[in-house]
Amino acid sequence: MEESVLLQLDNIEICRNENLVLKGASFTLHNGEFVYVIGKVGSGKSSLLKALYCEIPVCKGEARLLEYNLLKMKRRDIPYLRRKLGIVFQDFQLLTDRSVIKNLEFVLKATGWKNKREIQKRIDEVLFQVGMQNKGYKMPHELSGGEQQRIVIARALLNSPAIILADEPTGNLDPETSSQIVRLLHDICKQGTAVIMTTHNYTLVHNYPARIVKCENECLYDVGK
């Protein structure tokens, strides 16, 4: 792969529970690029992201993500790939029994960080990056939906990923908060992290333009900007 190409999909098929979700799909992502994946509910947007972080298999074609061949992934390599990806879920998936700082600390320790001072420094950095530097002591239920999603983005940034995969990150948020979250993701992209964001909110796509890829009839179409 060229130096600046992070993801190269050629003629891939993605299957979910024996059902074909995407076929003949091709897609290239370059360093620092922001891409919206749009399409109706059930068109395969989320399945595409799940295939990238090895939640569901790529059945055919060629799929290279960073230095990994997704068709030949060994189970033991999956955690190492996921460390290079930041994953932002629609439903937050924060640990509800611990504070924001403890949520972030848990991820760092789970991915091999040991030095307490370095852990604290990295947590401070990502909270500052998402504008949540004063909320570290709070529990998830004490935060609004938009604040929780900012924490989820902070969590995704912890290991300085090459790519953020954001699956309908504004799906549970009101329009104003949604705009703030998309603006934040664009800011992160400008600092060099590529972003793939699935959405069916065309207002956001219109207001914050970037490259658009459409899922339709089991295919992927590049629609430009």
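## The model

This is a predicted model, in which local features need pLDDT of at least 70, side-chain atom pairs count only at pLDDT 80 or more, and totals for chains, interfaces and linings use all residues. Residues are numbered from 1 along each chain as its sequence is written, and side-chain values use heavy atoms, with hydrogens and water left out.

## The largest pocket

The largest pocket has a volume of about 580 Å³. A pocket is found on a 1 Å grid over the protein atoms alone, as an open set of points where a 1.4 Å probe fits, with protein on both sides within 12 Å along at least five of seven lines; lining residues have an atom within 4 Å of a point. Grid points are joined across faces, edges and corners, and the volume is the space filled by probe spheres set on the points.

The lining consists of 21 residues, and Arg82, Ile87, Val107, Thr111 and Arg155 lie nearest the centre of the pocket. Two or more lining residues come from each of helix H2 (78-83), strand E6 (85-88), helix H3 (100-110) and helix H5 (145-157). Helices (H or I, at least four residues) and strands (E, at least two) are DSSP runs, numbered from the N terminus. H3 gives the largest share, 4 residues. By class, the lining has 12 nonpolar, 5 polar and 4 charged residues. Here Ala, Val, Leu, Ile, Met, Phe, Trp, Tyr, Cys and Pro count as nonpolar, Asp, Glu, Lys and Arg as charged, and the others, Gly among them, as polar.

## The second largest pocket

The second largest pocket holds about 190 Å³ of space. Its lining is made of Ala51, Cys54, Ile56, Pro57, Val58, Leu70, Met73, Arg75 and Ile78. Of these residues, 8 are nonpolar, none is polar and 1 is charged.

Helix H4 (residues 116-129) and H5 have axes that come within 9 Å and cross at roughly 135°. Axes are lines fitted to C-alpha atoms, for helices over the stretch in contact, and angles run from 0 to 180 degrees between N-to-C directions. That angle makes H4 oblique to H5; angles under 35 degrees count as roughly parallel, over 145 as roughly antiparallel, 65 to 115 as roughly perpendicular and the rest as oblique. In H4, Arg122, Val126, Leu127 and Gln129 meet Ile151, Ala154 and Leu157 of H5, where contact means heavy atoms within 4.5 Å. This contact has 5 nonpolar, 1 polar and 1 charged residues.

H3 packs against H4 at an angle of about 120°, and their axes are 10 Å apart. H3 and H4 are therefore oblique to each other. Residues of H3 that take part include Val100, Ile101 and Leu104, and those of H4 include Ile119, Gln120 and Arg122.

## H5 with H6

How do the directions of H5 and H6 compare, parallel or antiparallel? The axes of H5 and helix H6 (residues 175-190) come within 10 Å and cross at roughly 15°. The two helices, H5 and H6, are therefore roughly parallel to each other.

On the H5 side, Gly146, Gln149, Arg150, Ile153 and Leu157 meet Thr177, Gln180, Ile181, Leu184, Leu185 and Ile188 in H6. The contact of H5 with H6 divides into 6 nonpolar, 4 polar and 1 charged residues.
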